[in-house]
Amino acid sequence: METKTKLHVGLLFGGNSSEHDVSKRSAHNIYDAMDKDRYNVSLFLLTRDGFVLSDAASRRVFDGEDEATVAAEEQAKVDASNPLAPIWNLSQAKDIDVFFSIIHGNLGEDGTIQGLFRLLKKPFVGSGVLASAVSFDKDMTKQVLTAHGIRNTKYVVLTPDNRADFDYATIQSRLGDNVFIKPANQGSSVGIHKASNAQEYLDGVADAFRYDYKVLVEQTIDGPQEVEISILGNEQPQASKLGAIRVPESDVFYDYNNKFVDASGVTFEVPVKLSDELTQEITQMGLQTYAALGLKGMARIDYLVSKDGVPYVGEVNTLPGFTNISLYPQLWQATGINYADLIDRLIELALSEFHYQDELAYDFIPLDDHSAASTYKPKA
């Protein structure tokens, strides 16, 4: 009997965002859950300054060595004048069958690394360039949702050019007394503030502009319940059961600290008990959001549900966390897909999407041959 060849998976993690250490935790969990009888796994750590470490060096960090020390040693081995020096170690990826990037935030979820995988002509887990970029930008996400009639909160976009036009009184007249301030392109609640007076507003906007040159000021929902759903699939995605997050009353919202630093006061209700009508509405909104944004592979969609039971789409996470307390795998566990099977499904979806896209034709007419005609020739 012929032995089936193992799939070679390139697992990328780290990155230069505030979620660097979160990504490392996610990568550990994914690596541990992967069936080593089915997969050979190469590790690639993207350092905080954007340098990809080799598999051997990444494993040293994985095993507890100081990242800065290992990175300095590795960077000294590479010709810094080479424009490809930051990603040179990916030359080891020539026999990799599929990439699994779990780089959260900047570079990992904004379409950047997805574009690199396209250039490398390799399958990868998750959404493509456009869907990733649009979903990472909170303003663009809301524009797409609004165009498709999917309920989300009212908001105003601040930029360095129009910032002076929106003082607190102006915001108050448009969005109410209490608002949330968010960098448009950041994850894990970094740079997010709630403001209910002029000084809090000014301080929050100033901090948010440290992280992005586009800042959202959003209407708040009074006493909302935070509900999340996991989506899995490509053309015909499926939705998980719903989960809820309950934060201590002393916390304003589910921020970076109670997500990753001290979650002792946070409780999760998985699955959450909601009315059948509300559960159906949230699930349908999730699938509509997934389709509208053109997402593939996976996403976690966060909602705010008002006291009178009206759900609003909050944010879309195209590469959700896989830490011990992350809701994406927890929700699938509650739905009947365990961690290892979830990893298998994501890799299968990546390969399927790659082959689907590979069927597209890219014919062209050479400029020196005006008689040539572009024709579509399906691949055998």
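## A guided tour of the predicted model

Begin with the charged side chains: the 34 positive and 54 negative charges of the protein have mean positions that lie 2 Å apart, where Lys and Arg count as positive and Asp and Glu as negative, leaving out His and the chain ends, and where each charge is placed at NZ of Lys, CZ of Arg, CG of Asp or CD of Glu. This is a predicted model, in which local features need pLDDT of at least 70 and side-chain atom pairs count only at pLDDT 80 or more, while totals for chains, interfaces and linings use all residues. Residues are numbered from 1 along each chain as its sequence is written, and side-chain values use heavy atoms, without hydrogens and water.

Now select Leu11, Phe100, Phe322, Leu346 and Ile347, the residues with the most contacts (heavy atoms within 4.5 Å) inside the largest nonpolar core, which has 38 residues. Such a core is a set of buried Ala, Val, Leu, Ile, Met, Phe, Trp, Tyr and Cys residues joined through side-chain atoms within 4.5 Å, buried being under 20% relative accessible area with a 1.4 Å probe and protein chains only. Colour α12 (339-358), from which the largest share of this core, six residues, comes.

Stay with Ile347, which touches Leu7, Val9 and Phe100, among others. Finally, move to a second, separate core of 24 residues, including Val144, Leu145, Ile150 and Val272.

How values were computed: Buried means under 20% relative accessible area, exposed over 50%, partly exposed in between (1.4 Å probe, protein chains only). Helices (H or I, at least four residues) and strands (E, at least two) are DSSP runs, numbered from the N terminus. Lists of a residue's contacts leave out its neighbours within four places in sequence.
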